[in-house]
Amino acid sequence: MPSRLSFFSSTVGSKILIGLTGLLLFGFLIGHLAGNLTLLVGAESFNSYAHKLEGLVPVLYLAEVGLVAIFVLHVVRTLLNVWRNTVARPTRYSDKRRAYHTSRKSWSSTTMPLTGLFILAFVVLHIRTFKFGAFYRDPTTGERDLFRLVAEVYQNPLYVGFYVAAMILIGMHLNHGISSAAQSLGLSNQRYGRGLVLGGRMLAVVIAGGFAVLPLYMYVAY
Amino acid sequence: MQLDGKVPGGPIESRWERHKFESKLVNPANRRKLTVLVIGTGLAGASASAALGELGYNVLTFCIHDSPRRAHSIAAQGGINAAKNYRNDGDSVYRLFYDTVKGGDYRARESNVYRLAQVSADIIDQCVAQGVPFAREYGGLLDNRSFGGAQVSRTFYARGQTGQQLLIGAYQSMMRQVDAGTVKLFPQREMLDVVMVEGQARGVIMRNLVTGELEKWAGDAVLLATGGYGTVYYLSTNAVNSNVTAAWRAHKRGALFANPCFTQIHPTCIPVSGDHQSKLTLMSESLRNDGRVWVPKDARDPRPPQQIPEPERDYYLERRYPSFGNLVPRDVASRAAKLVCDEGLGVGDTGLAVYLDFADSIGRLGKDVIKQRYGNLFDMYQKITDDNPYQVPMRIFPAVHYTMGGLWVDYNLMSTIPGLHVLGEANFSDHGANRLGASALMQGLADGYFVIPNTLSHYLAGTSLPKVTAEHDAFAEAASNAQGQITRLLTVRGQKTPRELHRQLGRLVWDYVGMSRTAEGLRTALTEIPRLREEFWHNVSVPGEANNMNKNLEYAGRVADYLEFAELLARDALEREESCGGHFREEFQTPDNEAQRDDLQFAHAAAWEFTGVGQAPVRHVEPLQFDYVKPSQRSYK
Amino acid sequence: MSMNLTLRIWRQANPGTPGRLVEYAAQGISPDMSFLEMLDVVNEQLIRKGEEPVAFDSDCREGICGTCGCMVNGVAHGPDAAATVCQLHMRRFKNGDTITIEPWRAAAFPVVKDLVVDRSALDRIVRAGGYISMNVGAAPDANAMPVAKGLADEAFDAAACIQCGACVAACKNASAALFTAAKISHLNLLPQGQAERGRRAVAMVDQMDVEGFGACSNEGECEAVCPKEISISNIARMNREYLRARLVAR
C-alpha cells in the first residue's frame, strides 16, 4: 500500500521496529544467561564456553555487529518516539493520576526510557569491565581465563550491589517490554492479552533473577 | 392557502415508483454546479448528505456539534423496523404500512407511510453493506425482535445502541464523500435564518459557534434535518442542545408548521430527582416485557415497596387493559401513569413515579435471565439512582421523547417555501399523532437515503434557479436581522439565567400542554407564555460577547425561539378538539378514559402560518384521506 | 444532605491566551446530581453575577454522544469505570472535597475555550478511510452474506466507540491508537469491509500521524478510561493490519 510515511517513521511501524528489536535483544539475553549459567558449574566449564564463542570468530564479529545495530536501532527509534510523544502533549496536566480499572500503567512502564538509558550506560560499562577487562591467561590451557576476571570483579561488594541493582532495572524494563513488544507486533488478542502481560512479567523475573544470582553466587562462593 | 400534498395518484403500491419515473432528473454533469445546503447531521441529514454527495451534487453540510457523529439520533436505543419478513411471521410492506397508519391514530398521509414501509427493507440492506453491526444469530443471519407491542418481529437492532450504529454508518458514508470532495463539512455552525430570494430558499445564515461570526451561504436548495422540539418542555429525553431554532426561523420566513401538538411522552424514563435535573434518561421500552407496573393502593403507604403485600398493590395497567396489560402503547401507558399520580398514588420523594417491578420475572426466570436481557439497563438505572433494581422495583415516570409535529412538507419533502426541504423528525412526518417504537430511525434514513435524492432532483431540474451569491441584498438583510437578536440578548443584562427561564417555560408547557390537556389549561398557557417571553426579554442575563464561543448566548437564542414556539404548540392543542395519539384532551374521552378521536372534524393536518410574534397565526388544513386503512377506534382492552 | 465542594477549573478565554486553574466554591450540591449538573449550578451562579460561565461540551447526557469529557482529579471522565463524565454522579464525592477539572490535553486537541477542545482530528481520521465504499442503492440483500455471530460481536465491541477522545486524554503520549484501532477493527473484521482492508489501515494510521498524535506505549490507560471499555487488543489488530498492508498486500 502506498503511504505518505516511511514504514518505520509511522507511529505504528516505529513501535513494530522497537518491539522487534526489543524482542531480539531479549533473545540475546536468554542466550547470554544460558551461557553465563556455566559459572555455577565451575571455572573450566565457563572458560570452555567462552573459548568456544571466541572460536566462532568471523561469525561472532558478524553477530556482534548485528547486535550493536539492533541495539542502536532500538535506542534511536525510541528516543525519536520519546521526542514525538513529548511534542504530542505540549501542555502538561496539573493533576494527572493513574486511571483505575484495567490500566497496565506501572513503575516499569512509566520509566521505560529511563531504565533504557540506564541499560545503555550499563552495557558500555559491562563490556569494558569484562570483554575489554584484564586479560588473564590460563596457565594450563594457555587460553584466556575469563572466569578469574569474573571472580575478581565480584569480590567487590559495591560492584555486586551495583550489578544486582542493574538487574532489577533490566527486569523492570523487561516487565513492560516483553508484553509490550508482543502487543506492538500484533501478537496479542483479547483472549490472551492479559496472559501475555503475566507471561512477560514471569520471563522478566526469570531473566533478571538469573543474572542477579550469578554475582551473588560468585561473591559468596569465591 | 391551498395545501397541496402533491400525492401521486393510482394504486398505493405503485405510487412511489411512478412518482420516481415521472420526476425530472439532473444531468450528471450538471450536478456539481448545483449547491445543496444541508442543516443537521443526524440520521436524516447525514444520510442525505452522503446520498447527494454520491450523486455528485455540491453539498455543504452544517451541524451545531463539534463532530457530525454527535447528533441526537445517536441516543436511540431500541431498533429500526423493516418489512423484511425474515421471520416468516406474516409481515409485509402492507402490514408495516397498516400498523404505522393505525398506530399514528389516522393522522398521517397514507401515501407517505406506504412509501416509508416500501423503502424500509432497502434501509436494512444499505446499512448492513455499510458495516452496521446489527445483532445476529448463530447462523450468521440477522436477528429480529418484536418491539413496542408489534405482533410481528420486524425490528432490527444493535444491542442497546441501534441509533449510534446507524448514525455511525451514515456519518462514515458522509465522511467518504467529504474525502471525495463532494461534501464540505462545517461543524460548530448554528442556522439562524433561511435566506429567501424571489420566493425561493436560496441560502442560510449560519453562526460560527467558535468565532461568533455570522456566515452567509448561498445555494440552490436548503435541506433542514434539525430534529424535533421536545426540549420546549425543558426536561425531556432529548439532548440538551436539541432545539427548534432552525425550524422556527424557517417558519418565520413562511414555512408552515404542522401539528405541533402531537408530542410523544415515553412511559419508561427515570423520574425527576430534583430541580437541578438537566435531562431525563429513557429506559428501553423492552423492560415492560418482563416488568410489572404498579402503585400502592394506599396513597400514604410509608413502607418500602418490597414490604407491601400483593393485595395492597394496584397493577393498574393489568387491571385496566387485561388483554395488553403492561404492553399497551406508549401514549396509553404514559397517561395511565399520570392518572394514578394525579390521584396521589405516585411513589418516591416527588410522588411522580410508579413502580416497575421485576420480582415476579426474577422469581420465574431467575436473575441470570433477567440480567442477560436487561443487564445494561439495570446498570444504567443503578448508576443514576443508586438503587439496585434486582432488589427493589424501579421507579419510572413518563417523559417527553419525540415530536411528531414539525414543518409541513409535501410528498416531495418540500415545505411551503420552494426549495426548502425538511427531513426526519423536523418535518411533520409520517407518524401521524403517535409514533410507533423503532419507526423514527426508519423515517430519518428513508428520507435521507431514498426519498430526497429522488425528489430533490425533480425540484432542481424543474425549477428556474437564477444565479444567486451571498452578495445578494437578501443575505445582508437576514444577517443583520440575526445580528439584531444577538445584540438584543447581550444588552438585556437582567437577573435570570436562560436556564431558569427555560425551566419555567418547561414547567408551564408540561403542566398545561403535557400528557393531558384541557381548554382551560391551554388558555392559561396562552396567557402565561407571552408573559414569560416578556420577562425573558427584560430579565435574561447573557454575560460575555458575541465574537467568540459563548454557549450561554447560543442557549439564550434557543430559549427565545421556544418562548415563541410554545405559544403555537398550545394554540394547536387548543384548536384540535379531539384526543388522538400523543394529544389528549380531557374533554374528549370515552367514559372509561380512553382517547376519543373526531374523524369528521379533525381528520386533517393543521398547518400554521406565522403572522408575527404575539400575533394569532393562521390555521390551514390539509385533509387526510384514508382509502386503504379505514379509521377505527384503537382498543387495547 | 447537600455537599460543599471546592472546584479548581481550567479557564482559558481562547486558544491564543494562556489559561490557568481558577478556584470556585460549589455549594449546596445534591449527591443525586450528575457531575455536569453540578457544573450547571456553578455556571448559573456565575451568570447571575454577570460573569462568564465555564464553557464545557455536553449534549445527550446519557453517555452515548461522546460530546462531554474532561479530566476529573487527573482521570479522564472521572473515577467511574465504563462511564462518561455526564454519567458520573456527585455521590461519588465527599463533602469538603477539592476537585480539579481540566480539559483534554493534546497537541492535536487544541483548547477552544475553558474545557472545550477541538477534536476534529478524529473526524479527519475517519474521513481518511473509516468507511465502506458503497453507494446508496447498490446494496445486496442484508442476509445475502452471513456474518458469524462471534465476529459480528467483536466488530460491535469496537464499533461501540463514541469518539469522545478520552483515550487520547489519558495516554501519556496523547496517542489516538485506541480510537483509530477501534475504527479499523470495526470495519476490517466484517466481511463487508474486506475490499478496502489494507488501504483503510494505512490511510487511517497515516492520518493519525499527520494530526500529531503520539505513539502507543501499551500502558492501557486508554482502555481503563474508555467509557465503552474498548479493548487494547484492537491496537494489536491495527498493528497487524498495518504490517500486513504495508509489507504484504498490494
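**Close-up views of a predicted model**

**View 1. Helices α6(B) and α2(C) are roughly perpendicular to each other, because angles of 65 to 115 degrees are counted that way.** In this predicted model, the axes of α6 (residues 162-180) of chain B and α2 (residues 120-129) of chain C come within 8 Å and cross at roughly 80 degrees. Look for B:Gln172, B:Met175, B:Val178 and B:Asp179 on the α6(B) side, which meet C:Asp123, C:Val126, C:Arg127 and C:Ala128 of α2(C). Sorted by class, the residues of this contact are four nonpolar, one polar and three charged.

**View 2. The contact between chains C and B draws on 66 residues from chain C and 64 residues from chain B.** On the side of chain C that touches chain B, at least two residues each come from α1 (35-48), β6 (111-113), α2, α3 (149-159) and α5 of chain C. That side of chain C holds 31 nonpolar, 16 polar and 19 charged residues.

**View 3. Helix α6(C) is mostly covered, with 11 of its 14 residues buried.** Take a moment to trace this helix, residues 197-210 of chain C: from first C-alpha to last it reaches 20 Å, close to the 20 Å expected at 1.5 Å a residue. Among its buried residues are C:Arg200, C:Asp206 and C:Asp209, along with C:Val202, C:Met204 and C:Met208. The cover over the buried residues includes α1 (11-36) of chain A, as well as α2, α5 (177-189) and α8 (233-248) of chain C.

**View 4. C:Gly212 follows helix α6(C).** Here you can check the backbone of C:Gly212, whose phi is positive, near 90 degrees.

Conventions. Residues are numbered from 1 along each chain as its sequence is written. Chains are lettered from A and ligands numbered from 1 in the order in which they are written. This is a predicted model: local features need pLDDT of at least 70, side-chain atom pairs count only at pLDDT 80 or more; totals for chains, interfaces and linings use all residues. Axes are lines fitted to C-alpha atoms, for helices over the stretch in contact, and angles run from 0 to 180 degrees between N-to-C directions. Helices (H or I, at least four residues) and strands (E, at least two) are DSSP runs, numbered from the N terminus. Angles under 35 degrees count as roughly parallel, over 145 as roughly antiparallel, 65 to 115 as roughly perpendicular and the rest as oblique. Two residues are in contact if their C-beta atoms, placed from the backbone, lie within 7 Å. Ala, Val, Leu, Ile, Met, Phe, Trp, Tyr, Cys and Pro count as nonpolar, Asp, Glu, Lys and Arg as charged, and the others, Gly among them, as polar. The expected span of a helix is 1.5 Å times one less than its number of residues. A residue is buried if 20 or more other C-beta atoms lie within 10 Å of its own, exposed if 12 or fewer, and partly exposed in between; C-beta atoms are placed from the backbone.
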